[in-house]
Amino acid sequence: MTERETARPTVELRQRKKLKTSENKESVKEEKISDTPVPERAPKHVLFQRFAKIFIGCLAAVTSGMMYALYLSAYHERKFWFSNRQELEREITFQGDSAIYYSYYKDMLKAPSFERGVYELTHNNKTVSLKTINAVQQMSLYPELIASVLYQATGSNEIIEPVYFYIGIVFGLQGIYVTALFVTSWLMSGTWLAGMLTVAWFIINRVDTTRIEYSIPLRENWALPYFACQIAALTGYLKSNLNTYGERFCYLLMSASTYTFMMMWEYSHYLLFLQAISLFLLDSFSLQQSDKVHEVYKIYIFSLFLGYLLQFENSALLVSPLLSLVVALMLAKCLQLNVKKGTFIAKIMKVINFYLVCTLTVTLNIIMKMFVPHKENGHMLKFLEVKFGLNMTKNFTMNWLLCQESLQAPSQDFFLRLTQSSLLPFYILVLIICFLSMMQVIFRRINGKSLKETITLEDGRIGGRPEIIYHVIHTILLGSLAMVIEGLKYLWTPYVCMLAAFGVCSPELWMTLFKWLRLRTVHPVLLALILSMAVPTIIGLSLWKEFFPRLMTELMELQEFYDPDTVELMTWIKRQAPVAAVFAGSPQLMGAIKLCTGWMVTSLPLYNDDDLLKRNENIYQIYSKRSAEDIYKILTSYKANYLIVEDAICNEVGTMRGCRVKDLLDIANGHVVCEEGDKLTYSKYGRFCHEVKINYSPYVNYFTRVYWNRSYFVYKINTVISFQS
C-alpha cells in the first residue's frame, strides 16, 4: 500500500468534520428519517379498530353538538312559549343590550341593499339623540351583518321568520362550541369517552358555563364557539406526534378561528393575551419547540392587523396588550438567536427572559399609546382600582358597576353547584396531578437531565406533554380571574369540564399517580387502563341517574313569559307617539324601545363609551332628589320629548345594601354619607320619581302625564313652560 493510499482515509475524515456546519440541516433530516420507523402495513383488524374508534368518536362529537343545539331550541320554546307569541312579545324577550343587537339585525333586513344597510349603521344618527355613531365598530355588529346576508342569500326569508333564523344560528354555534370541547378532550386523553363526559358536565352545569339562556345575542355567545375551535386546533398543533398534514390542518383552522374570534367580540384580544402568556411560559420552560409557539405568535399579529384594517382602523387593537406582548416576545427571541444552547450566556438569558419580556411589553404598550390615537376604556381601569381597594369613589357609574352581580366575586352557591355535579373535586385532583408532574419535568430540565422526546404510558410523566401543560397554565390564569369576577366563570367553567373529563379518562394521568405511589401489588399499567374506563363510566351513570330526569322535566314544563305592562307601553308608543319623538328613561328600557318601536332614545345599555356612560348617569337622575327644573334641563339638553319613569326602580327594594339605583345616586349627589351608619343630609327636594306622580307645581309646569299603567309612567316634556303659583 502506497503512502498516498494510506493518507486518503485521514483526509476524508477531516473533510467530514468540516462539512458539519454546512450539512447540518440535511444530516438532521436524514437522522429523523432514519429514526422514524418504516411504515408497515398494519393488520386488517388493527386498521378496522382505528377506523371504528375515529368514526364513533366523530359521530359522537357531531351528535353531541346537534343534540345540544336542539335542546337549547326546545328549552327556549318551552321557556317563552315562543311560537305562540306575537312579534312584539317575542321581541320583548330580548332585554338590555341584547335588544340593541337584534334591532340592528332588523334594520339590516329592512335596508334596500346590503351596502346601504352597512352605510346607515356606520353613520347611524337614528338611535341616540344628538349623536352619530359607527354602530358596527362600537358594538361589534359583524354577527348581525353576516346573519342578515345569510338570511337573504339563502332564500330563508321565504321559509323561516327572521327571529328564528337569528336565534337558530346562535344555537347552532353553541352546538359547535360543545363539539369543539368534545374534540379537545378527546385529543388530550386519546378516548372519545372523555368528550362525552365533557358534554355531560357542560350541560348539567350550564348555569355556570353559558349565558345563552338569558341573553341570546350577547357577543360572547357568538365569539366563544370560535375560541373553542381555536383551542381544539391549538391542542392538536402542540402535540408532539402530529404528522405534517395534521399540523397544516390545525394551523389553518387555528388561523381562521383566531381571526373570526377577534372580529366577533371586542374583548377577544384580552382573552388571547392570557393565551399568549400561557404559550410564553410553555416556551420558557422548553416544554415545546419554540418554532411552533412563534408560529402562533405570527397568527396573533396577522389577526390583529387584519382586524385593525377591517374594523374601521380600530385603534384598540394596536394599543392592546396582546400586540405589545407578542412583539416583545419576538424581540426577545431575536436576542437569543446567536446564543448557543447550554452555554453560560444562554442560562443567563433564560433567567432574565421574564424580566426582559415584561419590560419590553410595558414599554412598547406605552409607546403605542403615545403615538396611536385611541379611546381607551378609562372607566374600566378605574373600576379595577376600586375593585381591588386601591381607590375610593362616590361616582355613580363606578359604584353601579361594582354592584353588578357578574362583576363581584363568585358566591358559595357557584362552588356548591360544581361540587354537587362532582365536577370540582375531579378538576382539582386532575389539576394537582398535572401541575406537580409539570413542575417535576421543569426541575429535571433545569438540572440538565435529558428527557425522552416521546413519552410512553409506562413512563407516567403526563407533565412532559406540551398540550397538557398549556391547558394547565391557561386554566390557572382563567381560574384566578374567575375567583375575582364572577362573570368570567363563563370563560373558565367550560374548560374545567374539559380538563376534568380528560384527566379521569386518561391512563397517563393514573399512571403518573401510581408512579408516585410506587404501586407494586397490581400491575400499574393494567390498573391505569381499567380506571380510565371504570371511573368515567361510574361518573356518567351517576350523572345520568341524578340529572337526566331534571333535564327532561325542564323540557316538559311549559313556562310562559308574561309582561303585559311592557307590551301595553310599546303598543302605546307605536300608536300615539310622534315618529320624531325622543324617549328618555333607564338604559335597559331604552334598548327595548329601540327594538320594539324604532323610536330614538337618549341612552343605550352599553358600557364601552364614556359619553354613553355619562348620559346614563344623567338620565338616572330622575330617581334622585333633584328639583324639577334640574331634571328638565338635563332632559332638554338631550332633546328628549318623553320621559318614562319605572315603578320597579323608583320603589326598588334591593337585596344588597346600598346597591339600589336611588341609593347610589344619593351617594354621588351627596345626599347620603355611608360611614358607620347611613346619615342623611338635608335636601329641600323630594325624590323626583315620587314627586312627579303627585301632579302639583312646579312639576306640572315641566311635565305632563300622558300614559300610565302598573309599571310605567310616561310624561311629555313641555316645550312651553307655564309657571303656576
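Author: Let's start with a hairpin: three residues join β6 to β7. Both are strands, meaning DSSP runs of E with at least two residues, numbered from the N terminus (helices are runs of H or I with at least four). Please keep in mind that this is a predicted model, where local features need pLDDT of at least 70, side-chain atom pairs count only at pLDDT 80 or more, and totals for chains, interfaces and linings use all residues. Residues are numbered from 1 along each chain as its sequence is written, and side-chain values use heavy atoms, with hydrogens and water left out.

Now look along the hairpin. Strand β6 covers residues 703–708, and it pairs with β7 in the antiparallel sense over five bridges. Two strands count as paired if DSSP finds at least two bridges between them. To find one of these bridges, go to Trp708, whose bridge partner in β7 is Phe713.

β7 has another partner as well: strand β3, residues 642–646, is joined to β7 by five bridges, and the two run antiparallel. Here you can pick out Ile644, which has Val714 of β7 as its bridge partner.
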